[in-house]
Amino acid sequence: MSARTATTCPYCGVGCGVLAVVDASGAVSVAGDPLHGSNHGRLCVKGAALGETVDLQGRLLHPLLRGAAGEFVRTRWDDALERVAGGFRRVIERHGPDAVAFYVSGQLLTEDYYVVNKLAKGYVGTANIDTNSRLCMSSAVAGHKRAFGEDVVPGCYEDLGQAELLVLVGSNTAWCHPVVFQRIAAAKEAGARVVVIDPRFTATCESADLHLPVKPGTDVWLFNGLLAFLFRHGVMDVPFVEAHTQGLAQALAAAEGDAPDLAEVARSCGVQLSELLAFYRLFARHEKTVTLFSQGVNQSSSGTDKVNSIINCHLLTGRIGKPGAGPFSLTGQPNAMGGREVGGLANMLAAHMELHDPVHRDIVQSFWASPRMASQPGLKAVALFDAILEGRVKALWIMGTNPVVSLPDADRVKRALDACELVVCSDIVERTDTTRHAHVLLPALGWGEKDGTVTSSERRVSRQRAFLPAPGEARADWRIVCDVARRMGFDDGFGFETPQQIFAEHARLTAFRNHAPDRDGAPAAPRLLDLAGLATLSPQAYAELAPVQWPVDATGEGTRRLFSDGRFAHADGRARFVATPGRAPLHAPDAEYPLVLNTGRVRDHWHTMTRTGKSPRLAGHIGEPYIDMHPHDALCSGIREGELARVQSRWGSMVARVRHGGDMLCGQVFVPIHWNDQFASDARVGGVVNPAVDPVSGEPEFKHTPVRIEPFPVRWYGFAFGRRLLPASGLSYWTLIRGERFYRYELAHRERPKDCGAWARAWLGVDDAEADWLEYEDRATGVYRAAHVRDDRIEACVFLSSRPDLPSRHWLAGLFAHARLDDGDRAGLLLGEPPGAGADTGPLVCSCFGVGRNTLCEAIRRDGLDTPAKITAALRAGGNCGSCVPELQRLIAESRTASEA
Amino acid sequence: MSKARPRLVVIGNGMAGIRAVEELLQLAPDLYDITVFGAEPYGNYNRILLSMLLSGEKQADEIVLNAPAWYAAHGIELHMDDPVVAVDRVRRTVRSRNGALRHYDRLLVATGSRPVMLDVPGSGLPGIVCFRNIGDVECMLQSAGRYRHAAVIGGGLLGIEAANGLSRRGMHATLIHRSHVLLNQQLNPDAASLLARNLEGRGLALRLGAETSRFEGVQRVERVRLADGGHVDADLVVVAIGVRPDIALMQASGIHCERGIVVDDTLQTYDPQVYAVGECVQHRKATFGLVAPVWEQARVCASHLARFGHRRYRTAQTATRLKVTGIDLYSAGDFMGGAGTEDLVLRDPRRGVYKRLVLSGDRLVGAVLYGDARDGGWYFDLISRGTDVARWRDRLLFGQAYCQPAAVPA
């Protein structure tokens, strides 16, 4: 048996341990790591399907440069690196360091993140480095920093099992963090109560004791109301508040301003007073309460206030740093936490030190011995692309992320990239909506190939290990960054040879002058983030590093829970209540855009589908982008379920299929974030989302964009299967779904082709007149179906209709697994159904009336037919030309013999 | 002893006449004394299966429907090889070639049809035959044993079956057809071209769109000369360009005939004593060449002869099937379609399947099935009954198995 490699899942922030095995054929299989503290052997469906996503199809394997004609041309690494380094150098010389920027990713490993942050802030001298974590986590970061003085998740996953009450705010944990949800389900099984606060009725709500479908963006009112309610009813840890916090009075004043009485709160939040009270009472009664929050809280123009309004309630009740109690931010990405730790955000420095603090700058610069140090906060994601469009930033390096899909007002991002002098993309995928706009493409290593560390939601540093060889010419991100840095003239500081060397430097920096200033007057700053115990890891020890929760003391011991002693990271050691007066989302719905668009994930896809889009297993759950909405709103918009519709906002539009999933309240619609131009004609919801951001965190308001829904009229609907990719462009609507040995397309078009047969042949590329081509046509109803068979094996098929009620795709999909089609398959092929079990009438006996042997024998036996005339009377067989009468006689005789025997 | 029974005389010992007698015997076995005159020296046989006799797939005894013993057993007086040559309707007598004179109380005329002969020079040459009866088949089989080249004129059902039969008997057979479309009465061009391809694959030569201008030969036919100047070598020519109702006898008797012997819905002619069934009749402007309507005529006629006169013959949809082993071909109803009709079409040329259903509104009105005619009977039923097929429209062409709830696995 091959060796198993213990590594960490590359999807969400739960950080599950994965055991990967490569078999002799090169196929990868995975299993949960039973020894890993994050998941104890469990994996969700995405993680379990990882083996299906490591093939090299669509991978970027060589450096590419955009040629004069716009086509990408393969180039040597040296030339590509020189082009990047030279381009950045020239822009910096001409326009200063703030004219270049880095837009990186929570998919990067901590080591990758560390070197690019170091290059930007310490060597180029700009803080223009931001990350897609801005889109999911930055409100939590800002909220933590305001409340605790440092970006710290106080609790750990074990708290979920120990809690009596679990409050899930803006989190479809069941779909987005399934392994954490299993802990929640287990806790509920053991008696804990679960409350879900979410405008949608998600899968998570199914098992909740209470679901509060709050109006989008009203969480602050809800928690202000809770704070006031708790205070009014004396549910307060007075000694804790007095000894370890400050700012309660202002916070309470703000809360009570918003929540003069509970009925008013219920009205503001759009929930039943009785249910509001039920939640407040549950919260009041259960000391052991964990409040988990995710993108529904963070992705808001008041995201930071939402975080603090939650934390305020935990501070008031002293429910923090204790087993089974605390506010708990569920991280979206595998290494958003690691990125935060190394400072990979435009408003952070490194190792939890602050850009605006001269002492911190001094510490970091002296540690790095770097020539420069950024002193101004850089541009956050949304502002960064605005600056590019305005010409203030002229060179951009995007690493491992797909902003043309994922940023709000994403069409503007496209325009920005097109206007940018130099766009560099390091990625593992050649064709994404973003790489299309690049000038230089650098092939990076993907999961299974790269080596380093990530940090999970509960501060657990865990190794991602390589078990596959580097494909093509792909290189680790950290190595690419170091190569470019050296070519930019920064010889010192980037001489790393292994990720271990980088990790060691990062760990040393976390410990560097990490104490209260002492008498020697040297600058010092105490931080909770301290990896002192990992700073001296040998390469061997790094290779074998077991998952550990920071802070890690000098002995290497990790820390399960923080703030247990009531000491917080603010200079005075006290946590802060933050006054959070409620603020409505920036853009309110109006007559023109009457509905509120909410966005989010589906269970089996991840981000922009570059990885999950490869897995047939994951395509099975939800294959197509959709617009979930209330039937009443659909009626008002003139749309029916199953039809296509356009979601239109002031910023852009997209098209998807309408469904009534039962999740949505009137006035709200939901569209998943994943689909993009690689998988659908026009399904980038990012293009619709408004660019409003939280004033503190800069996180965009993905969950609240005023939209209207319009019919998307098409003249015909269809689907197609092919063993190869089909040329979908030019169709009004298409979605690509990856299957087991096939690609499936869902199609619709405004105009019906004049000659469907000719169109289908041309589209499927069947130009051979002698090709094995089956077709069915019902011209009057606009039905056309055709299949191309090659060597008795189905190669492709297309089903078109003027109505959306097309046959099931299920059986057809299965045919692609057959080495050859049998006659039954072939007969039902263009119907999309196998012949039914009862349909086998046997070999034909009476051709005139099409009566088969099985039918005859059955009737002879059942009805005791003993003459051909009786058979003719019953089944008409033999009643026309009569040539089968002898055979009928024989069947009667055989039947008699059989029954006598 | 009771009074003598009324006498029924049947002119024609073919499928229609005898079927009517069989039906009559079922209804009223002792009503008549029955006399049957037949031109052929056999009992009653299944003319439809002559093609299979020719091809060798059936033997002569296998196509016999009623041997002479059957007539005897039912007390029927049978005159084989002795056609009626005169009918005296005033005296109500018939006289046969051999001079037998019989009185009738009821006369049933089932003289069938005569093949149409080509009226071109040389059509009297030996070696030119029609394809109508056992004698014709025997003649063809003799030639097949002796000669090499055969030509069949007429690309209808019978012509194709003849050409196929001769080919199976080892002759090099060429099928000459005026139209470019084989079976142009039964098929549309798409299906016909599949059929043509199949026949060619079996070694038949096809001359489509070819007009015969004369037959050439000295002692015997040697070749068929075509209008375009080309020719087809043939030591045997089978002419199968159609049939006409055989009405000569009845015309001579003064009964009203048009193309056929005109009958009403009870199969009665203009003479109330005289009934007619089968290919010799004309009913509401239609004449007949297929077995299904003829059998219905026999059934209706028998009920009137039996004095259970309640049945009416209605012109029904017809269906045809080509009896060439290995070619599954079926057509029924109005398969040509036209204004106001809609088509469902399935093409699978690799498997040699072409199916076309013609709908008018929510009813099926016609079907052409080539290569997979399994569901022909079911479609015929739907056509005949005028069943509303709207709910099955998308699956109708895929056959009965896909359209019945019982066929859907639980």
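**A tour by selection**

Start with chain A, which is divided into domain 1 (4-53), domain 2 (64-137 + 335-549), domain 3 (138-329), domain 4 (595-711), domain 5 (716-838) and domain 6 (841-900); the bounds come from an automatic or database domain assignment. This is a predicted model: local features need pLDDT of at least 70, side-chain atom pairs count only at pLDDT 80 or more, and totals for chains, interfaces and linings use all residues. Residues are numbered from 1 along each chain as its sequence is written, and chains are lettered from A and ligands numbered from 1 in the order in which they are written.

Next, select domain 1 and domain 3 of chain A. Their C-alpha centres lie 32 Å apart. Eight residues of domain 1 of chain A are in contact with seven residues of domain 3 of chain A (contact: C-beta atoms, placed from the backbone, within 7 Å).

Now select Leu166(A). Setting aside neighbours within four places in sequence, Leu166(A) is in contact with residues including Leu160(A), Ile184(A), Val290(A) and Leu292(A).

Then show chains A and B together. Here 31 residues of chain A are in contact with 32 residues of chain B. Select strand E30 (772-778) of chain A (strands, E, at least two residues, are DSSP runs numbered from the N terminus). E30(A) gives the largest share of chain A's side, six residues.

Find Glu775(A); its bridge partner in E25(B) is Arg347(B).

Notes: Two residues are in contact if their C-beta atoms, placed from the backbone, lie within 7 Å. Helices (H or I, at least four residues) and strands (E, at least two) are DSSP runs, numbered from the N terminus. Two strands pair if DSSP finds at least two bridges between them.
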